[in-house]
Amino acid sequence: MELFEQLLQYTLSGLSTGAIYALIGLGFAIIYNSTSIINFAQGEFVMLGGMLTLFFHITLGLYLPLAVVLAVVVATAVGALFERLAISPLKDAEPIILVIITIGGSILIRGVAMLLWGKDTHALPMFSGNEPIILMGAAMMPQNLWIFGITLIIITANRFFFHHSISGKAMRACSVNRIASRLVGIDVKRMMLFSFVISSAMGAAAGIIIAPLTMTSYDVGVMLGLKGFCAAIIGGMSGGMGTVAGGLIVGVLESLGAGLISSGYKDAIAFIILLIILFIRPQGLFGKGEAERV
Amino acid sequence: MKFLEGSMKQELAKFFVFAAAVFTAPVFFKGGYIVNVLVFVGIYTILAVALNLLLGLAGQISLGQAAFFGLGAYISGVLTATHAANPWVAMVIAAIAVGIIAFVLGFPILKLKGHYLAMATLGMGIIVYIIFNETVDITGGPSGLSGIPNLSICGIIFNTDMKNYYLVWSFAMATILLSVNLSASRIGRALRALHDSEVAARILGVNVRLLKVQIFTISGIFSALAGSLYAHTVQFISPASFGFNVSIELLTMVIIGGLGSIYGSFLGAAILTLLPELFRTFQDYDIVVYGIVLIVITMFMPGGLVRGVPLLARFLLAKVKSGLPSEKRV
Amino acid sequence: MFKTIIKSICIFCLLLVFTVNSWSQEPIKIGGLFAVTGPPSFLGEPERNTANMVVDQINKTGGIKGRKLKLVFYDTQGDATKAVQAATRLIKEDRVSAIIGPSTTGETMAIIGTIEAAGIPLISCAAGIKITEPVKKWVFKTAQNDSLAVERIYDNLKKRNMNSVAILTVSDGFGASGREQLKLRAKDSGITIVSDEVYSPNDTDMTAQLVKIRGSKAQAIICWGTNPGPAKVARNAKQLGLNLPLYMSHGISSKKFIELAGDAAEGITLPSGRVIVANVLPKSDQQKKSLLAYVNDYKNHFKIEGDHFGGHAWDAVMLLKGAIERGGDSPAAIRDELENTRNFKGIGGIFNFTPQDHAGLTKDAFVLVTIKNKGWMLVK
């Protein structure tokens with residue numbers, strides 16, 4: 001019975017962190033699908049979400065909901081700025097160049113955050129209190145329910161947007177063939193900007209809902225971004241349920257690994273999974289194969 | 001992207017001038033503190049040149065070079081500090097071991113391209129870093145490994161900055177010479193072809209897969225040598241010196257200097273090692289500066305400083321000339 | 001005749017001016033290595049602030065034997081390699097007579113080779129017992145040994161009749177050293193460690209480790225780390241409904257921990273230097289006066305109260321002052337006088353250095369405190 005309780009606890013915590021990885025992974029997938037770029041700076045938007053909320057709520061004393069909204073807006077603005085200034089001018093460059101630019105962007109955003117807010121860790125208040133909910137011997141915080149709920153809403157909105165709205169379908173068209181899209185009248189540049197806007201907003205939202213649980217500081221973005229990327233890869237960059245499944249798988253395996261095998265290697269688990277997937281099935285568990293462009 | 005300009009003779013001439021400068025420099029600095037910094041510049045030059053072979057010549061992104069650097073350092077360190085092996089023997093063992101690891105890992109990793117390759121090497125780097133941290137019984141974990149002996153030849157112990165300077169820079173010059181040679185050889189041309197278009201190279205008969213793994217291995221071995229040298233000069237190593245941010249620093253060095261330019265890598269290594277020393281008060285800003293530098297240079301000076309500065313100079317000179325009153329050319 | 005006298009008086013005055021000038025122009029240089037930025041900045045920043053404050057105070061009251069004290073300090077960012085480079089720079093370029101710091105055990109161990117080779121005395125502000133055990137000729141430290149902290153915790157556990165514990169340590173230099181000490185002293189204290197878990201400094205969630213601990217027969221949990229990890233541990237434990245007594249290390253003895261852990265901090269017991277409970281110490285406590293003076297001084301300068309970590313720097317500078325006053329400012333003389341320091345009432349405790357003991361403190365340097373109502377309470 002004890003082992004079952006432990007497993008349940010690990011799974012539950014794993015699902016919760018996995019949902020966050022899924023949200024971040026979706027951000028990667030959306031940008032990739034519209035621009036073929038992997039935005040290494042994605043994790044930094046997650047960080048900005050949490051840190052900006054902290055700034056607005058605690059330093060400026062605004063109401064929490066208002067602080068949250070403002071944080072998302074500002075983070076999105078940063079994302080849009082980044083796209084306009086650094087990505088758009090170079091969109092046809094080699095992957096190396098784009099990788100380096102997004103890495104540079106992530107370092108820059110992190111550096112500015114460090115200069116503005118210091119290196120301290122800060123705690124955000126939980127959205128609905130500190131009392132744990134006990135389910136069959138495993139404990140869960142109300143914040144975890146918020147995470148599941150908001151993730152679900154965002155994923156549904158995502159699906160609706162990309163499959164049932166003109167803009168969404170236009171963005172998907174861009175990822176398939178940019179020139180053809182332009183020929184049918186789609187403003188490719190605007191779609192690229194859009195994809196960054198949506199991803200940064202989602203990243204910021206993810207950062208905000210997880211900050212009360214894990215506390216936030218200027219460098220939380222690095223690991224979260226990388227693990228979110230793992231989620232996206234496992235899901236085959238599809239941007240849909242595949243990515244979500246990928247995130248949950250990484251989260252649960254990480255939690256089980258830390259609990260049952262060794263807690264020191266917890267971070268390594270996500271990357272080992274990443275390497276295995278990249279070596280054996282780079283199109284992800286749920287993706288279709290990608291044709292190589294000559 | 002031309003990796004080598006001019007004929008081989010020109011290259012050798014450049015090399016000897018550089019070598020002369022390197023070997024006479026310490027005399028000017030009279031063995032002061034700056035010699036200590038220059039030792040580190042030497043080590044990072046080896047690392048930057050190694051990365052440049054991979055990134056600039058062959059066009060393969062690697063964000064995990066620090067892993068090979070660290071493996072070289074730890075294998076040398078553990079063998080000599082804990083098991084009292086001969087430092088030179090340990091260095092050779094480290095180089096061979098890392099070479100084997102790079103070769104074996106190279107096959108699956110280099111199947112990937114672009115972003116995926118970048119992420120895979122990043123993941124590899126982080127896994128190795130975590131292993132360094134967790135295998136406390138072997139590596140000493142986060143507290144580090146101390147008591148690593150100096151290198152010595154025939155009774156000369158390399159325990160001062162001056163001696164270490166010549167030791168490290170001898171290796172650095174050897175690395176540069178090998179890279180220059182490699183670049184001008186058939187292999188270098190094949191790598192450049194590979195960089196431009198893998199499919200075309202394959203059609204021409206280049207064994208693309210094997211070549212990529214080979215260059216990955218060579219790059220790894222050079223990095224491991226740098227690691228061993230680092231271990232024996234500083235005599236203390238800890239996982240923090242081999243983390244993800246070091247890989248990023250190396251990338252910045254190569255970009256600043258210019259992708260594909262060997263001497264550019266030296267320039268990048270020198271700038272990134274010397275600047276923090278000169279501007280100690282601005283240490284906190286270095287992370288912001290790296291980010292800006294990466295973005296700006298990539299956007300506006302893709303050839304790095306080595307190409308960008310002369311271009312800029314020419315551009316400015318042209319502006320000046322057109323501003324001066326001069327006879328109209330008809 | 002008159003002229004000769006005037007001439008000699010002039011020459012004499014000139015000579016006087018010259019020598020006095022060269023004396024007072026020659027400040028005594030000491031080096032400082034602190035991790036003001038980087039993960040251990042909660043150590044380095046108060047240490048640097050305190051060092052500057054104390055040096056200023058010394059200079060305002062006439063310096064040491066008429067000479068000003070100058071602190072040349074470098075930020076190591078908590079990086080051992082930077083610490084080695086900075087130490088080399090202090091010794092070769094700045095030519096300091098002594099060095100205080102670094103802030104962490106890892107950095108200290110890294111520079112010992114350089115220090116011993118150069119023959120410059122070092123007073124480290126880090127806690128690892130390895131720094132002074134075995135004794136190294138030129139190395140001293142002011143932070144209390146983590147072994148003493150462990151003894152304090154184990155003593156308290158025995159008093160409460162608990163002998164199976166779970167330990168949860170962070171995988172950095174501080175945590176690794178603590179873990180070593182916890183394991184080493186367990187048997188002699190009659191304590192059995194039934195669960196030995198590790199978390200990494202970047203971990204955001206320690207639930208997995210705590211669940212494992214819940215499944216073991218532990219009667220208490222000892223968490224050894226520095227902010228923010230232990231705060232997360234405290235919150236995770238509360239979230240899991242884990243009701244075991246929670247002990248932590250002196251690594252969290254600052255208000256920041258209470259701020260981060262919130263309600264989960266209530267009831268946590270930890271060993272700490274006396275400084276954080278300075279105002280509730282009994283009047284008979286020998287350190288009370290200097291502790292209160294330090295706390296208030298720091299508050300006047302920096303708007304927040306002086307804490308346990310800044311105290312290490314205070315002790316280091318004052319120890320150097322004493323040594324220089326007694327023996328002069330050559331490195332060898334400073335070292336000898338440091339070794340002869342007895343009964344020095346510092347912030348960290350009462351120091352007694354000997355040739356065999358360069359740490360100078362006993363377990364009385366620690367008091368045991370519990371967190372109650374977001375404040376510190378002495379445990380009797």
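How many residue pairs are in polar contact between chain C and chain B? The count is one, with both residues at pLDDT 80 or more. A polar contact is a pair of N or O atoms within 3.5 Å; within protein, one must be able to donate a hydrogen and the other to accept it, and residues adjacent in sequence count only if both atoms are side-chain atoms.

## Basis

This is a predicted model: local features need pLDDT of at least 70, side-chain atom pairs count only at pLDDT 80 or more, and totals for chains, interfaces and linings use all residues. Residues are numbered from 1 along each chain as its sequence is written, chains are lettered from A and ligands numbered from 1 in the order written, and side-chain values use heavy atoms, without hydrogens and water.

## Where chain C meets chain B

Chain C places 20 residues in contact with 18 residues of chain B (heavy atoms within 4.5 Å). About 1,800 Å² is buried between them (accessible area lost on being put together, 1.4 Å probe, summed over both). Carbon and sulfur atoms give 52% of that area. C:Thr81, C:Gln85 and C:Arg89 supply 29% of what chain C buries against chain B, more than any other three residues.

## The salt bridge

Chains C and B share one salt bridge. The side chains of C:Lys92 and B:Asp161 form it, at 2.5 Å from N to O. The term covers a side-chain nitrogen of Lys or Arg within 4 Å of a carboxyl oxygen of Asp or Glu.

Methods
Buried area is the accessible area (1.4 Å probe) that two parts lose on being put together, summed over both.
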